[in-house]
Amino acid sequence: MSHLHIPDGVLPGWLVMAGWIVIALILAFSIYRIKNTKLNRKIPLIGIISALMIVCMTIPIIPIAYHINLSVVAGIILGPAVAFISIFIVDLIIAMFGHGGITVVGLNTVVIGTEAFIGFYLFQLFMALIGRDSIMWSSGLAAVISLILSTSILIGVVYVSQINPEIVIGIEEEHPTEAANVGNVPNELVKGINIKSFAKTILILLGIGWILEGIITAFVIKYVSRVRPDLILPERA
Amino acid sequence: MDVAIIDYYANHGKSFLHKAKAFWKIIFTAMIIASIIITNDFYLLLGIYIALVTIAVWTKLPVTKILTIAAYPAIFALIFALASWNGSWLRAGVIMLKALSAALTMVILIVTTPYPDIFNVIRPIVPKIISEGLFVTYRSVFILLELTDDLIKGLKVRGGITRRKYINNVKNFSSGIGLLLVRGFDFSEKFYGVMNVRGYGGKISSDNTKTSISRNDVIALIIGILIFAVSLGAVIEKSLLEFSVYILVFSAVALVISSIYVLFDT
């Protein structure tokens, strides 16, 4: 619910490259962190969590491509390091379905991976503060806060990109007659993306999603903690 | 996303793209994505999109289904286009076309190439945990899709999903996801264990990963090079954009002729 669904070729090249560099460093660090762990147990868990995220993304909750992510579930179960690897795999596979641009897989992974990263630590914090009996509240709250933070990162990325369609897209030079119409609209819109309008649209659309994802995360974690408590252990970090 | 349908198309198609090797198809895809990224002209982008629809027709698969799958990012591109709206329909159109064309390019790749073949090509450039993770994830998706189907049927039959009981529905649905996770993990662990016992060492057997070039590979490459050359030409020499409408007309004519040919051929 916090995917960076910006089309290929609209974000500036430096930002796309920065996304890839950042995610390469994070993945390298994650792989280094788990180098002593046996792959026999990690790989099936990565596979099933990644597959579950993909399957959940195929079930639209509201018919406007609205779906759950389960990134915080991934963070809680896999731990932040492995969750980043899992989310990278998910983003790579769904990009092949055209779900998110292939060139922005790096940035997508940074945004969604942040949900898993923050979600894991908030879950641990809430469990320590509220107590182990409050697993539902801890996971639900962790999910909502993580989603709010990752959405802020998403808006931040768009803001940092300073997307100026006149420069990025170059319509002015190619179609002078169309560009002439630009002069009739308010100046702040001509400068590029209207960050206020973008943030407003995103926040309205995603706000409902945070609550829904928080509730679903809470029930999923509650169920898993009852049936397979060994899958939710602090030492997974 | 119809993962099972996409997998079926990739494994049962008989077009030249299905016969082309994964390595060359990835090069072909990369060239078209590069064209979409560097092209900023509405008419040229529309021409590329129509050319991609023509390629989709050549795959001899249900084109409407392919276009529907590839239309998924349209809604997000629309949000982006609205947020950067300045009164120019062309700008909004460029953003929409970039998203749709890139998605269609990727969908053409995956409906003509089985996933293991794609994973085998990228395996040498990614760490082992990621390449194995990709394969196990792909396999697990099918395990989960089957389990999900059973779960939804079970929930409906036993009254787990009923009208107007939204809280109960969310609770049951979420517990269902938890069940999928636990059962799926057991399946996946067994599957991975069996693979290891049978000698799996990180390499998936595939006969479509060689890089030697065949006639089908050359055709795919020529199409990719042509599209990329047109885009690059328009970027280097802006005056060429005057001809973008002709390219659009050419693509449209190619689409009509291809559709008629494929219709009568099948």
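## A helical model and its aromatic pairs

Among contacts in chain A between residues at least 6 apart in sequence, 79% join residues at least 24 apart. Keep in mind that this is a predicted model. Chain A has 11 helices and 0 strands, and a search of the whole structure turns up 12 aromatic pairs over all chains. Here's a quick tour.

**Chain A overall**

- Follow chain A along its sequence and you read α-α-α-α-α-α-α-α-α-α-α.
- Of the 237 residues in chain A, 62% are buried.

**Helix 6 of chain B**

- Helix 6 of chain B runs over residues 74-83 and is mostly covered, with 7 of its 10 residues buried.
- Which residues of helix 6 of chain B are buried? They are Ala74(B), Phe76(B), Ala77(B), Ile79(B), Phe80(B), Ala81(B) and Ala83(B).
- As background, an α-helix has 3.6 residues a turn, so residues three or four places apart point the same way.
- What do the buried residues of helix 6 of chain B pack against? Their partners are helix 11 (195-227) of chain A and helix 7 (89-112) of chain B.

**Aromatic pairs**

- To describe a pair of aromatic rings, you give the distance of the centres and the angle of the planes.
- The search over all chains gave 12 aromatic pairs. Take Trp20(A) and Phe88(A): their ring centres are 6.4 Å apart and their planes sit at 85°, over the 60 degree cut-off, so this pair counts as edge-to-face.
- Trp20(A) belongs to helix 1 (residues 13-33) of chain A and Phe88(A) to helix 4 (residues 80-96) of chain A, so the pair ties together parts that are 68 residues apart in sequence.
- Buried or exposed? Phe88(A) has a relative accessibility of 7%, so it counts as buried, while Trp20(A) is partly exposed at 29%.
- Over in chain B, Phe243(B) and Tyr246(B) make a tilted aromatic pair, 6.1 Å centre to centre with 40° between the planes.
- Phe243(B) has a relative accessible area of 44%, which makes it partly exposed, and Tyr246(B) reaches 58%, so it counts as exposed.

**A ring cluster**

- Which residues do ring pairs link into a cluster? The members are Phe97(A), Tyr115(B), Phe119(B), Tyr138(B) and Phe142(B).

Technical notes: Residues numbered from 1 in each chain as written. Chains lettered and ligands numbered in written order. Predicted model: local features only at pLDDT ≥ 70, side-chain atom pairs only at ≥ 80, totals over all residues. Heavy atoms only, no water. Helix = DSSP H or I, 4+ residues; strand = E, 2+ residues; numbered from the N terminus. Buried < 20%, exposed > 50% of the residue type's maximum accessible area, 1.4 Å probe, protein only. Contact = heavy atoms within 4.5 Å. Phe/Tyr/Trp six-rings, centres within 6.5 Å; stacked < 30°, edge-to-face > 60°.
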